[in-house]
Structure formats: C-alpha cells, structure tokens
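Please report on the charged side-chain pairs and on one helix packing in this model.

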Amino acid sequence: CTIENVNKQLQIALHIKLHTIPLYLTSLYSIVEGCNTHVANVLLEISKREMIHLVQTANLLRAFGEVPKIDKEYLTPVFPTTGFPGGVLNNLSIDLKKASLQHIYKLFMSLNLPQYRGNSLGIENIFDEV
C-alpha cells in the first residue's frame with residue numbers, strides 16, 4: 001500500500017460521493033412540501049451525511065498532500081449511468097428519479113444494504129426486512 005494508491009482510492013471515493021449526492025437530493029426535492037415528511041427527513045439526513053463524507057474525503061486527500069479534484073468537467077456526473085466511478089457496483093442502473101418505493105428499493109437500499117443487491121424481494125416485503 002503506497003501513498004499514491006491511497007490517494008487514488010480517496011479520489012475515487014470523492015468521485016463516488018459526487019455521484020451519490022444528486023441522487024438523494026433529486027428524490028428529496030421531488031417530495032411536495034408537507035407530504036411524506038419522514039421520507040423527506042431521511043433523504044435530507046442522508047444527503048447531509050454524504051456531503052460530510054465528501055468533505056472528510058477531501059480533507060484526507062489534503063492531509064496526504066494531494067489536491068482534491070472536484071472542479072473538472074469530466075467529474076460531473078451524467079445520468080442515467082451504470083455503476084459508480086472506480087468500477088463500484090458496475091451492474092447497478094443509476095438515474096435521477098423522484099422519490100418512490102421502487103426507487104428507494106432498487107437504488108438506495110442497494111447502495112446501503114448489500115443484501116438487497118440483485119435481490120428479488122418484492123416491494124411489499126421491504127418493511128418486513130428493514
């Protein structure tokens with residue numbers, strides 16, 4: 001494990017965060033104010049955490065002497081896409097969508113709960129599993 005390898009992995013992590021934040025915010029902003037407040041609050045909190053992770057990753061890069069790359073046009077996420085930078089979840093279909101049970105199940109739960117990746121559980125079983 002070299003410092004160059006660590007910096008490369010941190011930069012990939014930074015790119016992944018740049019891709020995940022718009023996913024959560026798009027779903028959050030699709031919720032009509034005053035409706036589905038629990039879901040909206042969860043999406044807001046996750047968005048905030050993703051932003052904190054972005055800053056922490058950038059700070060780690062700085063601590064290792066690397067300048068975080070976030071302002072390059074080629075880093076701008078383009079949706080729809082398949083997978084995340086660095087080959088992470090390279091079979092996962094990723095798109096900006098309004099909040100819905102299907103989107104939460106197919107994307108957000110796949111991102112955060114590995115047991116849901118490629119799982120055939122129906123939407124009706126989600127709440128039994130969470």
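The report below takes the salt bridges and then the helix contact.

## Basis

This is a predicted model, where local features need pLDDT of at least 70, side-chain atom pairs count only at pLDDT 80 or more, and totals for chains, interfaces and linings use all residues. Residues are numbered from 1 along each chain as its sequence is written, and side-chain values use heavy atoms, with hydrogens and water left out.

Side chains of opposite charge can pair when their charged atoms come close. The structure has three salt bridges (a side-chain nitrogen of Lys or Arg within 4 Å of a carboxyl oxygen of Asp or Glu).

One of them joins Lys17 and Glu50, with 2.6 Å from N to O. This pair links distant parts of the chain. Lys17 sits in helix α1 (residues 3-29) and Glu50 in helix α2 (residues 37-63), 33 residues apart. Helices here are DSSP runs of H or I with at least four residues, numbered from the N terminus.

Lys17 is buried at 18% relative accessibility. Glu50 is buried too, at 8%. Buried means under 20% relative accessible area, exposed over 50%, and partly exposed in between, with a 1.4 Å probe and protein chains only.

## Two further salt bridges

Glu45 pairs with Lys48, the closest N and O atoms lying 3.5 Å apart. Both residues belong to α2; they are three residues apart, so about one helical turn separates them. Glu45 is partly exposed at 39%. Lys48 is partly exposed at 41%.

Glu66 pairs with Lys69, with 3.1 Å between the closest N and O atoms. Glu66 is partly exposed at 26%. Lys69 is partly exposed at 30%.

## Packing of α1 and α3

Two packed helices are described by the angle between their axes and the distance between the axes. For α1 and helix α3 (residues 101-112), the angle is about 145° and the axes are 12 Å apart. Axes are lines fitted to C-alpha atoms over the stretch in contact, and angles run from 0 to 180 degrees between N-to-C directions. The crossing is left-handed: the near helix is turned anticlockwise from the far one by less than a right angle.

Which residues in α1 meet α3? They are Leu23, Tyr24 and Ser27. Their partners in α3 are His103, Leu107, Phe108, Leu111 and Asn112. Contact means heavy atoms within 4.5 Å.

By class, this contact has five nonpolar, three polar and no charged residues. Ala, Val, Leu, Ile, Met, Phe, Trp, Tyr, Cys and Pro count as nonpolar, Asp, Glu, Lys and Arg as charged, and the others, Gly among them, as polar.

Terms used
Helix = DSSP H or I, 4+ residues; strand = E, 2+ residues; numbered from the N terminus.
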